[in-house]
Amino acid sequence: MNPETEYREGLEELASHYKDILRLLGEDVDREGLEKTPMRVAKAMQVLTRGYEMDAHKVLTDALFKEDYSQMVIVKDIDFFSLCEHHMIPFYGKVHVAYIPNGYITGLSKIARVVDIYSHRLQVQERMTLQIKECIQQTLHPLGVMVVVEARHMCMQMRGVEKQNAITTTSDFCGAFNQAKTRQEFMNLIHNES
């Protein structure tokens with residue numbers, strides 16, 4: 001799906017529901033500033049949830065290369081934006097991914113695309129972390145995978161406890177990363193520590 005030109009089925013119905021939501025919030029849906037808002041929001045929501053239409057495993061296998069490299073491959077500071085499934089309010093931050101190849105590597109941009117696919121769904125940070133790790137593990141069959149996600153949740157910043165500086169960190173790992181030394185090497189590398 002090209003987010004600028006193609007939209008999924010149900011766009012008109014989605015816009016109609018957003019018009020009803022605006023009305024229920026007490027707005028005049030016919031005033032100039034809101035006339036096109038329902039369709040704008042419907043299009044935005046389809047873009048923000050386009051990950052449902054994409055296959056993360058296929059993204060990795062489309063750029064799969066035989067390679068004897070067997071040291072850690074790290075793609076860090078991958079920016080992401082997602083929508084919390086509990087409030088449909090954004091959470092955003094950075095994802096750091098490492099894997100140790102086992103005969104095959106994938107294009108580096110494909111790791112970032114996997115993050116985009118899982119983040120462009122209604123999510124919780126914990127599940128997104130697990131999904132990224134499992135996708136890489138199941139598709140590349142590396143010696144190990146580790147994923148760390150650092151995020152700010154607007155549902156904590158704008159409402160509820162209203163803590164603007166809180167950062168949530170989640171991690172998941174398998175294989176060679178079960179060894180504390182390997183995990184520590186990854187953590188040192190993503191935080192630029194010797």
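Which side chain meets that of Asp62 in a salt bridge? It is the side chain of Lys58, at 3.0 Å from N to O. The views below take up this pair and several others.

This is a predicted model, in which local features need pLDDT of at least 70, side-chain atom pairs count only at pLDDT 80 or more, and totals for chains, interfaces and linings use all residues. Residues are numbered from 1 along each chain as its sequence is written, and side-chain values use heavy atoms, with hydrogens and water left out.

**View 1. The whole protein holds 7 helices and 7 strands.** Helices (H or I, at least four residues) and strands (E, at least two) are DSSP runs, numbered from the N terminus. Read from the N terminus, the order is α-α-α-β-β-β-β-α-β-α-β-α-β-α. The C-alpha trace spans about 60 × 40 × 20 Å along its principal axes. Of the 194 residues, 41% are buried. Buried means under 20% relative accessible area, exposed over 50%, and partly exposed in between (1.4 Å probe, protein chains only).

**View 2. Asp62 and Lys58 form a salt bridge.** A salt bridge puts a side-chain nitrogen of Lys or Arg within 4 Å of a carboxyl oxygen of Asp or Glu. By this rule the count is 7. Asp62 counts as exposed because its relative accessibility is 52%. Lys58 has 45%, so it counts as partly exposed.

**View 3. Glu85 and Arg127 meet in a salt bridge.** The N to O distance is 2.9 Å. This pair links distant parts of the chain, 42 residues apart. Glu85 sits in the loop between strand E2 (73–84) and strand E3 (90–100). Arg127 belongs to helix H5 (residues 125–140). Glu85 is partly exposed because its relative accessibility is 33%. Arg127 is partly exposed too, at 31%.

**View 4. Arg23 and Asp20 pair within helix H1.** Their side chains meet in a salt bridge of 3.0 Å, N to O. Helix H1 covers residues 11–24. How exposed is Arg23? At 43% relative accessibility, Arg23 counts as partly exposed. Asp20 is partly exposed as well, at 34%.

**View 5. The side chain of Gln46 reaches the backbone nitrogen of Arg8.** The distance is 2.5 Å. Gln46 lies in helix H2 (residues 37–48). Is Gln46 buried or exposed? Gln46 counts as buried because its relative accessibility is 4%.

**View 6. Asp28, Asp30, Glu32 and Glu35 form a negative surface patch.** Patches are made of residues with over 30% relative accessible area and no salt bridge; like charges are joined within 9 Å, and nonpolar side chains (Val, Leu, Ile, Met, Phe, Trp, Tyr) within 5 Å. Asp and Glu count as negative, Lys and Arg as positive; His and the chain ends are not counted. Each charge is placed at NZ of Lys, CZ of Arg, CG of Asp or CD of Glu. Accessible areas come from the Shrake-Rupley method with a 1.4 Å probe, and for residues only the protein chains shown count as cover. Asp28 is in the loop between H1 and H2. At 42% relative accessibility, Asp28 counts as partly exposed.

Methods
A polar contact is a pair of N or O atoms within 3.5 Å; within protein, one must be able to donate a hydrogen and the other to accept it, and residues adjacent in sequence count only if both atoms are side-chain atoms.
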